[in-house]
Each structure stands twice: as C-alpha cells, then as structure tokens.
Amino acid sequence: MTTSFPKLAQKGRLKFDKVREKHLLLLPEKVVVLNETAASILALCDGNESVHTITEKMRSSLKSENLPDFEVMQADITKFILQMVNEGWVVMQDSRIKEL
C-alpha cells in the first residue's frame, strides 16, 4: 500500500469555500466538508505521490518539535486513504502517472 499512488477520483474536485472558510470535496450530487488535514492529504493524491511520500510531505509541513512517529502517521494516512477508496472518492494505482 505504501508504494501505491492514490489519485482523487475523476468525479471529485477539491475546492476551498472562501465564504464559509471550509475545504470541500465536490462530487456528483454530494458535497463533503473536509477538515484542513483531510484536504491537505487529498490535495497530494494526484497519482504522482506514493502514500510514503504523502506521509513525508505531511510530516514535514508540521511545525511541532514533537513530531509524531513516522510509522504511526503513515498508518493513519493509509487508513484515511483506504476509507476514501472505499467511498469511491480516491483510486489507487500501482504506478505513477506520467505527466505530458
């Protein structure tokens, strides 16, 4: 799983609602309100970043002296991404998307 490349499903789109100051995942006939962490993880799900790399980037964005253990954080991110896969909002790929 950590070497898989998650990608936001084609039907989904991330948006920040400036009026309500909320991160949103827009889907056909559904809007999901996201917290900042969920929005940050999903923004990295572009098919070019592995779960391991997403964890590294999320960890490096933290401004704390007491960073969480990498393995624990990776397990939490993996669990979140798998929930998104189960909802059909993220798809997992075995290889990186090649940019044109």
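Guide: A residue is called buried under 20% relative accessible area, exposed over 50%, and partly exposed in between (1.4 Å probe, protein chains only). The model is predicted, so local features need pLDDT of at least 70 and side-chain atom pairs count only at pLDDT 80 or more, whereas totals for chains, interfaces and linings use all residues. Residues are numbered from 1 along each chain as its sequence is written, and side-chain values use heavy atoms, with hydrogens and water left out.

Visitor: Start with Glu29, then. Is it buried or exposed?

Guide: Glu29 counts as exposed, because its relative accessibility is 87%.

Visitor: And where does Glu29 lie?

Guide: Glu29 lies in the loop between strand 3 and strand 4. Strands here are DSSP runs of E with at least two residues, helices are runs of H or I with at least four, and both are numbered from the N terminus.

Visitor: What is the phi of Glu29?

Guide: The phi of Glu29 is positive, about 60°, although Glu29 is not a glycine. The hairpin of strand 3 and strand 4 that contains this residue has 2 residues between the strands.

Visitor: Which residue takes a positive phi in the hairpin of strand 2 and strand 3?

Guide: That residue is Glu21, with phi near 55°, in a hairpin that has 4 residues between the strands. Glu21, too, is a residue other than glycine. Glu21 is exposed, because its relative accessible area is 61%.

Visitor: Over how many bridges do strand 2 and strand 3 pair?

Guide: Strand 2 (residues 13-17) and strand 3 (residues 22-27) are joined in the antiparallel sense over 5 bridges. Two strands pair if DSSP finds at least two bridges between them. Arg13 has Leu26 of strand 3 as its bridge partner, and Leu14 stands opposite Leu25 in strand 3.

Visitor: What is the bridge partner of Leu26 in strand 4?

Guide: In strand 4, Leu26 is partnered by Val31. Strand 4 covers residues 30-34 and pairs with strand 3 in the antiparallel sense over 5 bridges.

Visitor: At what angle do helix 1 and helix 2 pack?

Guide: Helix 1 (residues 36-44) and helix 2 (residues 51-60) pack at about 135°, and their axes are 10 Å apart. Helix 1 is therefore oblique to helix 2. Angles under 35 degrees count as roughly parallel, over 145 as roughly antiparallel, 65 to 115 as roughly perpendicular and the rest as oblique.

Visitor: Which residues make the contact?

Guide: Thr37, Ser40, Ile41 and Leu44 of helix 1 meet Ile54, Lys57 and Met58 of helix 2, where contact means heavy atoms within 4.5 Å. These residues divide into 4 nonpolar, 2 polar and 1 charged. Ala, Val, Leu, Ile, Met, Phe, Trp, Tyr, Cys and Pro count as nonpolar, Asp, Glu, Lys and Arg as charged, and the others, Gly among them, as polar.

Visitor: Which residues of helix 2 are buried?

Guide: Val51, Thr53, Ile54, Thr55 and Met58 are buried in helix 2. The buried residues of helix 2 pack against strand 1 (5-8), helix 1, helix 3 and strand 5.

Visitor: At what angle do helix 1 and helix 3 pack?

Guide: Helix 1 and helix 3 (residues 70-87) pack at about 75°, with axes 11 Å apart. Helix 1 is therefore roughly perpendicular to helix 3. Ala38, Ile41 and Leu42 in helix 1 meet Ile77, Phe80, Ile81 and Met84 in helix 3, a contact with 7 nonpolar, no polar and no charged residues.

Visitor: Finally, which residues does Val91 touch?

Guide: Not counting residues up to four places away in sequence, Val91 touches Phe5, Pro6, Lys7 and Ala9. Val91 is found in strand 5 (residues 90-93) and is partly exposed, with a relative accessible area of 38%. From Val91 to Leu62 there are 29 residues in sequence and 26 Å in space, C-alpha to C-alpha.

How values were computed
Axes fitted to C-alpha atoms, helices over the stretch in contact; angles between N-to-C directions.
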